[in-house]
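The sequence and structure come first.

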Amino acid sequence: MRAIRYAFLIGLLAIFAGCSGSDSSSSQPSADDRALIQESLSEAITRWRYGDKAGLYDNEFSYLQDRMTFDDYLKTKEMQLDADTVDGIAAKEFKFYGRDSADVGVEVSFKGPKGKVSVQRDTYRMYFYRGKWVRPTLSMLATELEYQQMRRAYDSAAEAEAKELGDD
């Protein structure tokens, strides 16, 4: 048990060091990342506007999806909001932290029932996760990192046990 805790702490330190925004060329955003971020935001908000909140669920980290069914997700107070007046979203400013995350300045446009358009500005933290840019609504990166480390520790322990028992 002590070895698992030690491995967990070492792994956590390695993960946090990896997310510190290193400047290696392989972790730098590509020229297409701005377009991919815009596409991700537009898809999620368009799906939400038409009542498909699965687009938001798809942007959550895996620990939340493993612990909460989509039906339970829909029952949370955050998902009770409707986006029927949202007209669109535009990513305007980008500050990348390597290729793992970015702060994105957005303008969300709303069209009221009488046709009046208003714009709200905000900044979203987005993450490059599972091969795409996501903006989680309920899940958090720190919890996802802990979850991934626990899964690795479990998988390692299960593999060691299988080898010990001769089940490889």
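## Strand 1 and strand 2

In this predicted model, strand 1 (86-97) and strand 2 (101-111) are paired antiparallel through 10 bridges. Within this pairing, Ala90 faces Glu107 of strand 2. The two strands make a hairpin that leaves 3 residues between them, and Gly98 in the turn has a positive phi of about 65°.

Phe94 is a residue of strand 1. Apart from neighbours within four places in sequence, Phe94 contacts Arg34, Ile37, Asp103 and Val104. The C-alpha atoms of Phe94 and Thr123 are 9.4 Å apart, with a separation of 29 residues in sequence.

## Strand 2 and strand 3

Strand 2 and strand 3 (117-129) also run antiparallel, and 11 bridges join them. Two of the facing positions can be named. Asp103 is opposite Arg125 of strand 3, and Glu107 has Arg121 of strand 3 as its bridge partner.

## Strand 3 and strand 4

Strand 4 covers residues 132-134. The antiparallel pairing of strand 3 with strand 4 rests on 3 bridges, and Tyr129 stands opposite Lys132 of strand 4.

This hairpin has 2 residues between its strands. Arg130 lies in the loop between strand 3 and strand 4. Its phi is positive, about 55°, although Arg130 is not a glycine.

Taken together, the 4 strands form an open sheet in the order 1-2-3-4, with antiparallel pairing. Strand 1 and strand 4 are the edge strands, each pairing on one side only. From one strand to the next, the twist averages 35°.

Helix 2 (33-49) lies across strand 1, strand 2, strand 3 and strand 4. The helix runs at about 150° to strand 1.

## The largest pocket

What is the volume of the largest pocket? The value is about 460 Å³. The lining consists of 23 residues, and those closest to the centre of the pocket are Ile45, Trp48, Leu56, Tyr124 and Arg135.

Helix 2, strand 1, strand 2 and strand 3 each contribute at least two lining residues. Helix 2 gives the most, with 5 residues. Sorted by class, the lining has 14 nonpolar, 5 polar and 4 charged residues.

## Aromatic pairs

The model has 9 aromatic pairs. One of them is formed by Tyr57 and Tyr73, with 5.0 Å from centre to centre and 65° between the planes. The pair counts as edge-to-face because its angle is over 60 degrees.

Which helices does this pair link? Tyr57 belongs to helix 3 (residues 54-57) and Tyr73 to helix 5 (residues 70-75). The two residues are 16 residues apart, and the pair links distant parts of the chain.

Notes:
Residues numbered from 1 in each chain as written. Predicted model: local features only at pLDDT ≥ 70, side-chain atom pairs only at ≥ 80, totals over all residues. Heavy atoms only, no water. 1 Å grid on protein atoms, 1.4 Å probe; cavity = no way out; pocket = protein on both sides within 12 Å on 5 of 7 lines; lining within 4 Å. Points joined across faces, edges and corners; volume = space filled by probe spheres on them. Nonpolar A, V, L, I, M, F, W, Y, C, P; charged D, E, K, R; others polar. Pairing = 2+ DSSP bridges. Axes fitted to C-alpha atoms, helices over the stretch in contact; angles between N-to-C directions. Contact = heavy atoms within 4.5 Å. Phe/Tyr/Trp six-rings, centres within 6.5 Å; stacked < 30°, edge-to-face > 60°.
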